[in-house]
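Please examine the structure shown below.

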Amino acid sequence: MSFRFSVFIPVYRESEFLEALLDSLIANRYENKEIIVVIDEPTEKSLSLASKYSDKVHFVWNGERRGKANVLNEVVGKTSGDVLFFLDADTNLDTNSENMFEIISREIEDSEIVEVKKDVIRDSFLAKIASYDYMGFNFTNWFFSRRLNRCVGLNGAAFAIKRETFITLGGFRKVIMEDLDIGTRSFINGVRYKFMKNIRIYTKAPSSWSGWIKQRKRWALGSALWFREYFRDFVKIAKAHPGVLLPALLFIFPCLPFFLVTLFMPDEFFIKTFYFSLLLLSTQTTFFLTPVAFTSTSLAIFRNLTFMVGGIGAYSSFFYLLSRKMGNPFNPLEFLIFYLVYSPLWFLMIITNLSKVCLKQKTASVDWKV
């Protein structure tokens, strides 16, 4: 079955990727589609694109910042596509994406939502580190797709949804993480979901730590609010599908096992086990007599170091195999920095915002219109 696609690209002011993205979409051989670009507070650069693409792209201009959810909900009603395809303005299509719409059209016949794999544009060292974060999220959604045919949260940079499903779900809600939110509501309502790892888009990641922190502050606050709102639903999902939800957390947050072991595993249990093992070994050789004399503090440090090294080894092996499966590059040094620095910092930001939200403390303001 051939569906008509309505492609939506929301823009705030301007995007350095927009022109190339429009060229790729227009050049795509799938003809049964319409392209809509919605721009809040357009700049001269954005306005100049109107004359170039006026006959092939429909532009919607907003003189003020109205917010992504608001403008998309409004413009959907003015389009004719059977399938709504949402693309972020900071994305590029893969050079081998000429069959993208055909594949989505085929896969969405027996589902309601199809999500496209996202890879990071590896144009900076930080972007290369962030690629492992995206890889974990991609695999998580693919895992949900294979096991449950549903998904708890979307990455809204590129996904397709049938029009009637979008309307039934009530469209996007006015929240910071509108993509996670619509994904959760789709799960609760039993909407069928597929993750496509054989087609991909490339998305821009911050190239500086200051830009990354600004982005992640918004994501962390939005995720905390999202988790608080759907907490009871998450408890039900965890009880019903522990073999899916709990491993998903380990995919997204590689530092989580080390954090849990450090926080909850009693030092006394580890110390006694370690002492007992060394005492048994010391009966065979005197080499282990010195370690037996370690102080409890030294053993606690050794415990943490042991679990850290073990975690690095286990996750490095897992992500290496995952990179092979998902078609992504893998560099041991990049992954080491991701595991030791990037992932713990991101996890700490999530926990901090979650604590503030749950305790109803004042949270930092974010530059985002909802």
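In this predicted model, D40 belongs to strand β2, which spans residues 33-40. Is D40 buried or exposed, and which side chain of opposite charge is nearest? D40 is buried, and the nearest such side chain is that of R65, 5.7 Å away. Because a salt bridge requires a distance within 4 Å, D40 has none with R65.

| Partner of the D40 side chain | Distance |
|---|---|
| Side chain of N62 | 2.9 Å |

Leaving aside residues up to four places away in sequence, D40 touches V11, Y12, R13, N62, E64, R65, R66, G67 and V71.

The wider setting is the sheet. Strands of a sheet pair through backbone hydrogen bonds, in either a parallel or an antiparallel manner. Here eight strands make up an open sheet with mixed pairing, in the order β3-β2-β1-β4-β7-β6-β8-β5. Strands β3 (58-62) and β5 (91-93) each have a single partner strand and stand at the edges, so one side of each lacks a neighbour in the sheet. From one strand to the next, the twist averages 30°.

Strand β6 (residues 113-120) pairs with strand β8 (residues 193-203) in the parallel sense, over eight bridges. Within this pairing, V116 is opposite M196 in β8.

Finally, helix α1 (residues 18-27) lies across β1 (5-12), β2, β3, β4 (83-87) and β5. Helix α1 runs at about 165° to β2, the strand in which D40 is found.

Terms used: Residues are numbered from 1 along each chain as its sequence is written. This is a predicted model: local features need pLDDT of at least 70, side-chain atom pairs count only at pLDDT 80 or more; totals for chains, interfaces and linings use all residues. Side-chain values use heavy atoms; hydrogens and water are left out. Helices (H or I, at least four residues) and strands (E, at least two) are DSSP runs, numbered from the N terminus. Buried means under 20% relative accessible area, exposed over 50%, partly exposed in between (1.4 Å probe, protein chains only). Lys and Arg count as positive and Asp and Glu as negative; His and the chain ends are not counted. A polar contact is a pair of N or O atoms within 3.5 Å; within protein, one must be able to donate a hydrogen and the other to accept it, and residues adjacent in sequence count only if both atoms are side-chain atoms. Contact means heavy atoms within 4.5 Å. Two strands pair if DSSP finds at least two bridges between them. Axes are lines fitted to C-alpha atoms, for helices over the stretch in contact, and angles run from 0 to 180 degrees between N-to-C directions.
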